[in-house]
Amino acid sequence: MADTLEFNEIYQEVKGSMNDGRLRLSRQGVIFKNSKTGKVDNIQASELAEGVWRRVALGHGLKLLTKNGHVYKYDGFRESEFDKLSDFFKAHYRLELAEKDLCVKGWNWGTVRFGGQLLSFDIGEQPVFEIPLSNVSQCTTGKNEVTLEFHQNDDAEVSLMEVRFYVPPTQEDGVDPVEAFAQNVLSKADVIQATGDAICIFRELQCLTPRGRYDIRIYPTFLHLHGKTFDYKIPYTTVLRLFLLPHKDQRQMFFVISLDPPIKQGQTRYHFLILLFSKDEDISLTLNMNEEEVEKRFEGRLTKNMSGSLYEMVSRVMKALVNRKITVPGNFQGHSGAQCITCSYKASSGLLYPLERGFIYVHKPPVHIRFDEISFVNFARGTTTTRSFDFEIETKQGTQYTFSSIEREEYGKLFDFVNAKKLNIKNRGLKEGMKQSYDEYADSDEDQHDAYLERMKEEGKIREENANDSSDGSGEETDESFNPGEEDDDVAEEFDSNASASSSSGDGDSDRDEKKPAKKAKIVKDRKPRKKQLESKKGKDPNAPKRPMSAYMLWLNANREKIKSDHPGISITDLSKKAGELWKAMSKEKKEEWDRKAEDARRDYEKAMKEYSVGSKSESSKTERSKKKKKKQEKQMKGKAEKKGAASKSLSSTKSPAKNLSESFKSKEFVSSDESSSGESKKE
């Protein structure tokens, strides 16, 4: 028989909610890990008192009772798994796994039995329903009646808030059955009652969530936050984790208490209690217990009189009472030497702490993400500026967290941390490409050679060179095709010639009308070839020398066929990975040989580029001279045409009087007697 049994997708009933997780049974005991919170319940084999198998709503369930009265319920088993579990319990725990079915008669009259932490309502020998008394928040009595109120369950759509029991009177003298019922409930219920004095009190502590200043009263079983407006009572059983985090300014400390279930204020839920302390603030503390009680209860973890920094005293007392270890940042150090990274989550700026087993963000809203619930992480460029990047985390449940506005100097440190923790990186190649554009990140991944990275580097260099070439070319083209001095001269000559040709105000008006279209036509005519030339220069010159390959690419081209023959049918991506592994494992002497070849190729490339640039400059100068010569010829032709037009215009003005005379001449037969006499008198 196997020493362990493991079950996935098992549901644990805790305070009315069903939490999914994984269940493992071993010789040592039973372990259940909650998938949502990461909380682990460990039941030692020696503590098990009874095991019950029964049919429930989610299939079949397992109920375990311990010797100290605790009850654990796990649902989601299949009927076929009963034999396997029964044999395991007999072999390793020496317990009979009893089968007990629930009563489904629908009767509401029966017997109440109190067993440990459980209230069972039975009809005959069969239970109808069971109530874990830790779910009870209040118990009130009336005449022949007991009312139980329950903690609200935030995860459930519908919550049971109240149950009333009718208790009939009995003939026994001196015993009130209602009070006896209530006392049995209150002795095991999760009803917080501040009985007795507090162990110690911390005054006016600054709390970030919930915001305000609170007096913290430490009681044996719960924590009491007393503020000006609100009071909170937090049982130690709801404390999930403790964190002690140094602020980036190295002058303050965060003390974070993770709670499940959270404390409530109206519709607001606080899953984290965050206290802020100054490192310079000291305190002398005296516990409200005698030395023997302190030694017996805390076993040397606390003493009656203590002194030191305020944050140390609070964290030390909480650790002793809650009996949980305090999580502090691990070996991570950011670019500035701090153990955190400044970033933004949603609308607020805060600090992201990489821990040994997760990430925690403080403080608004606080977020804790464990490594085992992370599906992948993603490095993305900042949306507003290139001086920052975003760090995205997606969990296995599909929840996505985006921490934005992280300074680019933090990239290398964060990448090394994520890589060391072996988290799945969604865009490994893309991220490396981003690193190439930041000089500060050049050596952030020294321990692993990435063939895809090499290719991205080569392509990035080519794109950068092409961008520089196109920008240089476009600048030269602008200088050649647009010369303000020349255009001004053209306009001046045009207006001068027109001004000299005009002889009257009417002619001047007509000339101005003719000049406007001519000016527009000239601008359009000059700009069209510029666009064509710019478009032609956008592409890469095929005659330009090709960039030299890196040492790795030269080696890969020489050995690609050999790798293919050694690994028949290998894909392109696998070939790149294999090549990267071989290159990484290659000795330094062999790599130097390819480095020399790459250096020789680089020298040849630089020499060819010099020759190419000299040739291109001479061609461009020839082109420029021919353009100037062509422009000069066009100006001369235009000047001659304008002079010819002016001469023809003056000639037409001299001929106009003769034309008027010919139009006013009339023959003699049409001349009247008055006109002839006047004409004769004029002759005389």
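**Aromatic contacts and backbone geometry**

One aromatic cluster is formed by Phe332, Phe359, Phe371, Phe379, Phe389, Phe391, Tyr411, Phe415 and Phe417. The model is predicted, and 28 aromatic pairs are present in the structure.

**Exercise 1.** Classify the geometry of the ring pair phenylalanine 230 and tyrosine 232, and state how accessible each residue is.

*Solution.* Step 1: the ring centres lie 6.4 Å apart, which falls within the 6.5 Å limit for a pair. Step 2: the planes meet at 45°; stacked pairs require under 30 degrees and edge-to-face pairs over 60, so this pair is tilted. Step 3: phenylalanine 230 has a relative accessibility of 32%, between the limits of 20% and 50%, and is therefore partly exposed. Step 4: tyrosine 232, at 4%, is under 20% and therefore buried.

**Exercise 2.** Determine the arrangement of tyrosine 411 and phenylalanine 415, and locate both residues in the secondary structure.

*Solution.* Step 1: the rings are 6.2 Å apart, centre to centre, with 5° between their planes. Step 2: an angle under 30 degrees counts as stacked, and the pair is stacked accordingly. Step 3: both residues belong to helix α5 (residues 411-420), where they are four residues apart, about one turn of the helix. Step 4: tyrosine 411 and phenylalanine 415 are both buried, and both are members of the aromatic cluster named above.

**Exercise 3.** Are glutamate 299 and lysine 346, which have positive phi values, buried or exposed?

*Solution.* Step 1: glutamate 299, although not a glycine, has a phi of about 55°, and it lies in the loop between α3 (291-298) and β23 (305-309). Step 2: its relative accessible area of 62% is over 50%, so glutamate 299 is exposed. Step 3: lysine 346 has a phi near 60° and sits in the loop between β25 (341-345) and β26 (348-354). Step 4: at 64%, lysine 346 is likewise exposed.

Terms used. Residues are numbered from 1 along each chain as its sequence is written. This is a predicted model: local features need pLDDT of at least 70, side-chain atom pairs count only at pLDDT 80 or more; totals for chains, interfaces and linings use all residues. Side-chain values use heavy atoms; hydrogens and water are left out. Rings of Phe, Tyr and Trp (its six-membered ring) pair if their centres lie within 6.5 Å; planes under 30 degrees apart count as stacked, over 60 as edge-to-face and the rest as tilted. Buried means under 20% relative accessible area, exposed over 50%, partly exposed in between (1.4 Å probe, protein chains only). Helices (H or I, at least four residues) and strands (E, at least two) are DSSP runs, numbered from the N terminus.
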